[in-house]
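Reader: I am new to reading structures. Please take me through this one, and tell me where each label comes from.

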Amino acid sequence: MKEKYLSIVLGGIKLNFKRLFRKKSQNSEFDVNIENKNLDEGNNKIQKGESFNSNQKSDATTLHFHYLKLIDIYVKEQKEDEIIKICKKDINLYPKFQEEQIIKDKNRLQEMIKIYKKLGKSTDKFETELASYIFHPPNVPSFSRLIGIYEKNNNLQEAIDIYKKAISFNLAGYKESLAMLYFKLPEPLKKVVDNEFDINHELTQLNNELNKIKIFVFENPGINKSNLLSGLVKQFHWYQHKAQSYIDLALLSKIIFQEKQGRFYKHYTTKE
């Protein structure tokens, strides 16, 4: 068996790749070893606010994408403890990452203004955009990944803590997801959410969606699980996973009821 190593250093972070080449009839295996010491050193530099050469990628941005690659690797290897550790690192890194993205956006607009001025063209569009600049956060999978693990393991307080961070950064979709979780929370944690978050609008919207399911089942008593799912997708143009989540919540909240009859689960608006 022939072994080859490839070392890559980006933004002070060292990645060591080892690929094991086997017979063509077998799948190639990849063993990626990240030196945690170097990752931690990179993180320390970010926390200290140390600057980097302008020709290099910014530290937080580089480290953020390294973390995402690491998470993907650990997901494939089913190493949950490592996923949690790297997600936490990436979440702690996010404020610096966001700061760099804002600087990058504004620099781009300023550069466009310079270019258009040299060309003798109007810069009004770019100047208006710069003056009224609003940062639109990108999708950061570390938040949702860590929340998913905590919810799966019933670590609901920890999940709420991550929701709080995500919402504080105005990341899209987390208020809606927290409203979904709210139905599953015990009363003490519902009070925590009530005190720390304003999700009344999202809860009202969610209740409206669940009532659609109630009406649908009322009009189709005894409908089986498969037909209920496909019917909701068709009538309300929901994605399948969204429709399934709503059905689960409707059952949990006793908005609809499910009864096994033979090989099928039948659904009703009252207990049969």
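Author: Start with contact: it means heavy atoms within 4.5 Å. Residues 24 or more positions apart account for 52% of the contacts in the protein with a separation of 6 or more. This is a predicted model, where local features need pLDDT of at least 70, side-chain atom pairs count only at pLDDT 80 or more, and totals for chains, interfaces and linings use all residues. Residues are numbered from 1 along each chain as its sequence is written, and side-chain values use heavy atoms, with hydrogens and water left out.

Reader: How many helices and strands does the protein have?

Author: There are 11 helices and six strands. Helices (H or I, at least four residues) and strands (E, at least two) are DSSP runs, numbered from the N terminus.

Reader: What makes helix 6 roughly antiparallel to helix 7?

Author: Helix 6 (residues 156-168) and helix 7 (residues 174-182) pack at an angle of about 160°, and their axes are 10 Å apart. Axes are lines fitted to C-alpha atoms, for helices over the stretch in contact, and angles run from 0 to 180 degrees between N-to-C directions. Angles under 35 degrees count as roughly parallel, over 145 as roughly antiparallel, 65 to 115 as roughly perpendicular and the rest as oblique. The angle of about 160° is therefore in the roughly antiparallel class.

Reader: Which residues make that contact?

Author: Helix 6 brings Leu156, Ala159, Ile160, Tyr163, Ala166 and Ile167. Helix 7 brings Tyr174, Lys175, Ser177, Leu178 and Leu181. By class, nine are nonpolar, one is polar and one is charged. Here Ala, Val, Leu, Ile, Met, Phe, Trp, Tyr, Cys and Pro count as nonpolar, Asp, Glu, Lys and Arg as charged, and the others, Gly among them, as polar.

Reader: Why is helix 6 called roughly parallel to helix 8?

Author: The axes of helix 6 and helix 8 (residues 187-196) cross at roughly 15° and come within 11 Å. That angle makes the two helices roughly parallel. From helix 6, Leu156, Gln157, Ile160 and Lys164 meet Leu189, Val192, Val193 and Glu196 of helix 8. This contact has five nonpolar, one polar and two charged residues.

Reader: How do you know whether Leu130 is buried, partly exposed or exposed?

Author: Look at its relative accessible area, which is 23%. Buried means under 20% relative accessible area, exposed over 50%, partly exposed in between (1.4 Å probe, protein chains only). So Leu130 is partly exposed. Leu130 sits in helix 4 (residues 124-131). Beyond its neighbours within four places in sequence, Leu130 contacts Lys106, Leu109, Gln110 and Ile113. Lys106 and Leu130 are 24 residues apart in sequence, yet 6.6 Å apart in space, C-alpha to C-alpha. Across the 272 residues of the protein, 36% count as buried.

Reader: What makes the phi of Asn170 worth a remark?

Author: Most residues other than glycine have a negative phi. Asn170 has a positive phi, near 60°, and is not a glycine. Asn170 lies in the loop between helix 6 and helix 7. With a relative accessible area of 60%, Asn170 is exposed.

Reader: Why does His237 count as exposed?

Author: Its relative accessibility is 70%, so His237 counts as exposed. His237 is in the loop between helix 10 (225-236) and helix 11 (240-252). His237 also has a positive phi, about 60°, although it is not a glycine.
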